[in-house]
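Colleague: Hi, could you walk me through this one? I'd like to go through it piece by piece.

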Amino acid sequence: PGNVTLTGISVSDAKCDAAPIYDAGDSNSDGKLQPTETWFYTCSHTVSQDEMDAGGNLSNTVTADSAETTPTTSTLNIPITQNPAIKVVKSSTTTVIDQAGQVVPYSFAVSNPGNVTLTGISVSDAKCDAAPVLSTGDSNSDNKLQITETWTFTCSHTVTQAEVDAGGNLTNTVSADSDQTTAVTDTLNIPINQNSVLKVVKSSTTTQVTAANQVVPYSFAVSNLGNTTLTGITVSDAKCDAAPAYVSGDSNADNKLQTTETWTFT
């Protein structure tokens with residue numbers, strides 16, 4: 001914008017991946033910047049993850065100089081749009097629940113589908129016997145979830161008798177969160193296979209009937225061979241002088257036949 005021809009033109013920008021290169025504008029190809037000319041230089045910049053994580057603006061300054069002038073600068077700010085996101089997927093090698101005491105392993109894959117690095121990663125699941133632990137995935141061991149990483153957490157759950165008795169599915173939900181995001185969840189349902197089986201074994205201390213009016217005592221051992229707690233237990237025998245009576249076996253006195261109990265009637 002001055003009134004003299006300029007020589008020794010130089011352009012530099014610290015944010016350029018490579019030095020700016022002349023593109024066009026020297027209309028008479030004399031290597032001198034006339035007052036009537038505008039020269040164009042170009043370069044490119046590859047945005048770094050650190051710049052995305054910092055947010056704000058991608059701000060950089062170009063410097064132009066010549067043999068006849070002092071340097072001049074121009075700064076350009078381009079807004080950085082941050083999109084923090086976290087994802088969790090829950091899985092298990094167990095496909096069906098068939099008994100109380102069964103240990104179900106859970107795996108949680110935590111990934112970063114956003115555009116910024118995540119910190120303060122937490123994973124929780126109310127059905128885990130102990131808090132989920134990080135197994136693998138933090139490839140650079142910086143305790144930050146990069147967009148290129150998937151962290152795997154694991155825990156296990158011991159199936160309760162109440163869950164088997166309830167039937168349906170073993171349902172539980174994992175929650176994953178970070179300092180930069182809101183919590184996300186994933187739910188896994190594993191079918192519960194109920195198998196109710198009642199067994200009775202009849203016995204007597206009498207080994208031979210020898211006379212009319214002989215009193216023959218009977219004993220009935222009632223057990224639970226299935227995987228669910230049984231209720232409403234009844235025992236009947238047409239040959240009994242009176243209805244069979246409960247004697248023992250209900251160890252917790254809840255009037256329910258657990259899989260660990262054998263009730264005796266006589």
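**Leucine 170 and the cores**

Modeller: Happy to! Leaving aside neighbours within four places in sequence, leucine 170 is in contact (heavy atoms within 4.5 Å) with Ile97, Val104, Tyr106, Lys127, His157, Val159, Glu163, Leu188, Asn189, Ile190 and Ile192. This is a predicted model, where local features need pLDDT of at least 70, side-chain atom pairs count only at pLDDT 80 or more, and totals for chains, interfaces and linings use all residues. Residues are numbered from 1 along each chain as its sequence is written, and side-chain values use heavy atoms, with hydrogens and water left out.

Colleague: Which residues touch the most other members of the largest nonpolar core?

Modeller: Tyr106, Phe108, Val110, Ile121 and Leu170, out of 24 residues in that core. A nonpolar core here is a set of buried Ala, Val, Leu, Ile, Met, Phe, Trp, Tyr and Cys residues joined through side-chain atoms within 4.5 Å; buried means under 20% relative accessible area, exposed over 50%, and partly exposed in between, using a 1.4 Å probe and protein chains only.

Colleague: And which elements give two or more residues to this core?

Modeller: Strands E7 (103–111), E10 (150–158), E11 (169–177) and E12 (184–191). E7 gives the most, with 4 residues. Strands (E, at least two residues) and helices (H or I, at least four) are DSSP runs numbered from the N terminus.

Colleague: Switching topic: where does threonine 229 lie?

Modeller: Threonine 229 is in the loop between strand E14 (219–224) and strand E15 (246–248).

Colleague: Is threonine 229 buried or exposed?

Modeller: Threonine 229 counts as buried, because its relative accessibility is 17%. Its side chain also makes a polar contact with the side chain of aspartate 165, at 2.7 Å. By polar contact I mean a pair of N or O atoms within 3.5 Å; within protein, one must be able to donate a hydrogen and the other to accept it, and residues adjacent in sequence count only if both atoms are side-chain atoms.

Colleague: What about histidine 45, what does its side chain reach?

Modeller: The backbone oxygen of lysine 15, at 2.6 Å. The side chains of histidine 45 and glutamate 51 are also joined by a polar contact of 3.0 Å. Histidine 45 is partly exposed, at 29% relative accessible area.

Colleague: Last one: in what order do the 3 strands of the open sheet come?

Modeller: E1-E4-E5, with antiparallel pairing; strands pair if DSSP finds at least two bridges between them. Strands E1 (10–13) and E5 (72–79) each have a single partner strand, so one side of each is left without a neighbour in the sheet.
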